[in-house]
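Keep the sequence and the model side by side.

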Amino acid sequence: MKPAKRVVMLGDCQSFYASVEKADHPEYKDRPLVVAGDPERRSGIVLAACPLAKAKGITTAERLGEALAKCPELVVIKPRMQKYIDVSMQITEIYKSYTDLVEPYSIDEQFLDVTGSLHLFDCTPEKLALMIQDHILEATGVYARFGIAETKILAKTACDNYAKKNPSGIYTLTKEMLPDTLWKRPVSDMFMAGSRMTRHFTVMGLPTIGSVAQTPLAKLKQMMRRKFGKKFGYPGGNVLAYR
């Protein structure tokens with residue numbers, strides 16, 4: 001009997017800190033809001049911005065003063081880390097009601113392996129993700145997006161590159177889809193490829209995720225050794241996941 005394909009989800013909470021604050025302060029529902037340092041001193045950086053604030057051009061990690069210059073009517077709330085931890089743990093318990101294979105990745109992102117529990121709900125992975133999405137929203141007021149794939153790295157990639165831009169907030173990325181989807185994206189979109197690594201890949205003639213994924217591993221290792229010498233450490237695990 002052929003084993004069932006793994007079904008892994010990456011659940012990501014949209015603008016998590018800001019969403020928690022909006023859930024606690026419904027009077028700010030239709031106002032741009034950020035969680036940041038000291039509102040009175042206009043100091044610190046933006047830790048989270050709601051979609052309405054992002055629409056004003058405000059970005060995470062920018063200075064609060066710059067954010068207020070862009071949007072004078074901005075609602076600024078000081079961070080309440082214990083509250084965010086409590087809500088994150090509440091969401092973990094919701095996930096555990098659907099599978100016992102839950103792995104927190106960060107305070108607002110968690111992996112769920114539903115391979116063995118999917119049959120209990122008699123539905124597709126997409127419908128199960130929608131059920132969980134509704135459950136979280138009703139219980140916490142937080143909207144979660146889901147990337148679905150056979151591996152954790154592809155589930156994370158599906159969430160970051162596709163689910164967050166989907167009206168449903170849900171996207172399934174299969175290995176068969178990679179040549180027509182992920183491989184065409186710039187290498188900067190590859191998981192764990194920062195700005196410096198992106199420049200290195202580009203100089204090596206590997207501008208897209210597909211160009212990296214389709215390079216034979218032995219050749220890729222050779223190219224990386226030539227580029228980095230003794231500092232070389234090839235991203236073998238990551239690259240194989242994109243093939």
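Lys96 and Glu93 sit three residues apart in helix H4 (residues 81-96), so about one helical turn separates them. Helices (H or I, at least four residues) and strands (E, at least two) are DSSP runs, numbered from the N terminus. Lys96 and Glu93 form a salt bridge, with their closest N and O atoms 4.0 Å apart. A salt bridge here is a side-chain nitrogen of Lys or Arg within 4 Å of a carboxyl oxygen of Asp or Glu. Lys96 is partly exposed at 46% relative accessibility. Buried means under 20% relative accessible area, exposed over 50%, and partly exposed in between (1.4 Å probe, protein chains only).

This is a predicted model: local features need pLDDT of at least 70, side-chain atom pairs count only at pLDDT 80 or more, and totals for chains, interfaces and linings use all residues. Residues are numbered from 1 along each chain as its sequence is written, and side-chain values use heavy atoms, without hydrogens and water.

Next, Lys152 meets Glu103 in a salt bridge at 2.9 Å, N to O. Lys152 belongs to helix H6 (residues 152-161) and Glu103 to strand S5 (residues 102-106), so the pair ties together parts 49 residues apart in sequence. Lys152 is partly exposed at 35%. Glu103 is partly exposed at 39%.

Arg185 and Asp189 also pair through their side chains, at 2.9 Å from N to O. Arg185 is buried at 18%, whereas Asp189 is partly exposed at 23%. Elsewhere, salt bridges with shared partners join Asp12, Glu109, Arg145, Lys156, Asp160 and Lys164 into one network. Arg145 lies in strand S7 (residues 144-149) and is buried at 8% relative accessibility.
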